[in-house]
Every structure is written in C-alpha cells, then in structure tokens.
Amino acid sequence: MKSKAELLVVNGRLATLAGFSDRPQRGADFGRLGLVEDGAVALVGDKILAVGPTTQVLDQVDSSAADIIDAGGRLVAPGLVDCHTHVVHHGSREMEYSLRLAGASYIEILKAGGGILSSVQSLREAGWDPLIAQTKKSLRRMLSYGITTVEAKSGYGLDPEHEVMMLEAIRHLNELQPLDLVPTFMGAHAIPDQYRGASDRFVALIIEEMLPRVKDLAFFCDVFCEEHVFSLEQSEAILLAAKKLGLQPKLHADELAATGGAQLAAKIGAVSADHLLCADEEGIAALALSETIAVLLPGTSFNLMSRYAPARQMLEAGVAIALSTDYNPGSCPTENIQLIMTLGCLKLGLSPAQVLAAVTINAAHALKRGDIIGSLERGKQGDLVIFDADNEAYLPYHFGVNHTWKVVKSGKIAYDKNNEEVYF
C-alpha cells in the first residue's frame, strides 16, 4: 500500500544536497547539489516522504488527498540554515555608522562604550516584551528569505540575569513562530565596564555562575576570542568548562587578527570556528585536519569595509565551509542570506553551487543537525524553499532582491510571496 502524502511539490528543479547527512561537503565534494530535473518532493506530517523525479514520486505515494504545489520549473532547495546570528537584541546602532565611515575601528568603537556594550545597555533597559517583538520581526524577515533554521546567540546580557533572560526569550520564540531556533550561550561576548582590567574575574563569573544556570537553556557555548576581548587561555577555559556541562563549543576566531583562534577551535573539537578573516596558514591547516567547520560571514566584512576570509585557501586545504549572515545590530545588520550568497561568490570566490551548499547542508552540520535538515531526503524534516528562479546561479547573480517564492516549514506552507498572511 502506498503511503499517503499530505503535501506534494511537483515539476521543480531539485537541489537535493543528498548523500551528506553524516558529514559536511568539502574539497571536490563541495557544491554537489544532487540535482533532479523535473523533480518532486512528497511530505507527510513534518517529514519528507519521498524525493525524486516527478513521475517516480507519483508512483511511490498516494497523492489523492495531498495539497499540490506546482513549482513550474523553479529551483527547489532545502530550507536555508542561518548558523551564526545575534538575532535576539533590542534597538539599533546606526549612530555608529558615521564613526565607522570616518575610520573608527571596531575596537575603538567598543572602547568608547559603543558596539556590543551599547546593545547590552539597550537590552537591559528594554526588558522582555520589546525584545520579543523586535526579534519576531527579524525572524519574519529571515523566513521570507528562505531561512527555516536559525542559530541564536545570547551575549547582550553579560550578567547572569540577562543572559538567562535572552536564552529564555529564544526558547519562547521557538514556540511562538515557525522557524527552529538553536540556542547558543555567549556570555563571553565582551568585557563589561566593571571588569575592565580584571577580565579574569568576569571569566570566573561565567564559569562558576553563568554556565551552571544556562546549561539546560543552550545547546552551544561561544566565545569572542580576540585581542582586547577574551584571550586564548580564557577562551579555552570557558569552552572546556562548558563541554563538561554538556554544551557544544563554538568560537569567534581570528576575526581582527591572527591570534591562534582557529588552532584552538581545532584543538578542543569546536563544532565551528567563525569569522576567520585573519586565519593564517597554520590555522587553516589545523582546521583542515579537524572536524571543525569554518563558518564565514562575508556580510560583516562588507559592512565593516574590512578584509574577507581566505575561503579559496581554506577550500584547497580541505576545510569544510559554511556561510551565515552574522545578523546583529552592529557589524552586520541584515537578515538577507541571499545577499550573503552573492558576497560568497564575489568576495570569497565560491561558485553558486558552493554557496548553496554552504547555507544548507554545511550550515546544518555547523549546528550538528545535518542528520535532520540541510538536504531533501526521505525521513528528513520537511523544510524546503522554492525560489522564483530556475537555477542556482541566478540567485547570487541577480543580487539585492528576494528570490523566495514559497517556503515549506515542517511540512506546511509558512511563506508565500503572493499571500503574506500565510505566515505569522
């Protein structure tokens, strides 16, 4: 007896990304889209029931009671995965824009009380309801760009009370809207004013008080490992303490200088090392020999008018690469992952197929979810995006616009370009 489908997408050009549920794409495999011309995806409940050529899928499933989406030759891809964001925040920092245009560096703005610390103050003053409302708007935008899973960091609290509040907000938002949110504790995001010159005391607060309180609220722990922020030794101490409590390590590494962050990420088995603008040959070699994924964030480089990560060097060395928005109120205030894909081509030297892999299956592995999302395969979560384009190259080529036609999240239509009332 055929299994009954509840939703059926037919006549699409499928980019399945199949065959990499157990590992990210890298080297010669990077950019293997698993294309199926005139393909179909059948879904039941929140799972994919069948994937393949339309005629084959129609033979495999009972579609008599299914809702049918005719993709009309459009590109059908897995739901996009935004694997590095600071989406939970309050307020904005456009007043820093003129400072940056005048030549002020990221660290100079931070030392002047701007940057992360100004977002900390805004969040503490705003409280729960404004935080939820603003973040919900950003998540709505993300969904409209084809994103179905979002990593969300804390880090604008910088004390036990407000770090817990941020992670509880992520949990609440995960239940409030359709996108899946993956929580990351990042209490080690900046040094608060009262700990300047005594950063070890703040590290002790994170390890001894914050980590025990957030261990059941977060899946990952991240640290901003950089000169003037958290040293290699401090970063390692925090992440090893987090691992003992069951949190998976991530690392903001080598963004502003080559400090050995990439090597540390590889050494401790971090799930990802992120930014990596200044990663040197030793760091790249260490990543290539590890399972750590390089999450590159070209939108931040674009907005800060800084250098870009050496993506081609990483690729040639065999490093697994993912892309993400780094959406945050300071260094990269955009939810547009399709723009990031363009920058991935133009500024990182990746191909259109590689950038699509970098925001799907590889980004899923950067969240340790490659076994359930990131590709169109039987049994995986029913997340997919249909673009108003018939090939992957058109997405980064026609830049600055939204190509999303429809988004299916967990087996249900969550976004329709022609019916915005569909989604929350």
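Arg13, Glu37 and Glu392 are linked in a network of salt bridges. The model is predicted. Across the whole structure, a search finds 19 salt bridges. Side chains of opposite charge can pair when their charged atoms come close.

Several individual pairs were examined. Lysine 409 forms a salt bridge with aspartate 180. The closest N and O atoms of this pair are 2.8 Å apart.

Lysine 153 pairs with glutamate 151 in another salt bridge. Here the closest N and O atoms are 2.6 Å apart. Lysine 153 is buried, as is glutamate 151. A salt bridge also joins the side chains of lysine 380 and glutamate 377, at 3.9 Å from N to O. That distance falls inside the cut-off, because a salt bridge requires the side-chain nitrogen to be within 4 Å of a carboxyl oxygen. Lysine 380 and glutamate 377 are both buried.

The surface was also searched for nonpolar patches. Tyr97, Leu101 and Met305 make a nonpolar surface patch of about 350 Å². Methionine 305 sits in the loop between helix 11 (298–304) and helix 12 (311–317). The relative accessible area of methionine 305 is 54%.

Terms used:
Residues numbered from 1 in each chain as written. Predicted model: local features only at pLDDT ≥ 70, side-chain atom pairs only at ≥ 80, totals over all residues. Heavy atoms only, no water. Buried < 20%, exposed > 50% of the residue type's maximum accessible area, 1.4 Å probe, protein only. Patch = residues over 30% accessible without salt bridge, like charges linked within 9 Å, V, L, I, M, F, W, Y side chains within 5 Å. Areas by Shrake-Rupley, 256 points an atom, 1.4 Å probe, with all protein chains shown as cover. Helix = DSSP H or I, 4+ residues; strand = E, 2+ residues; numbered from the N terminus.
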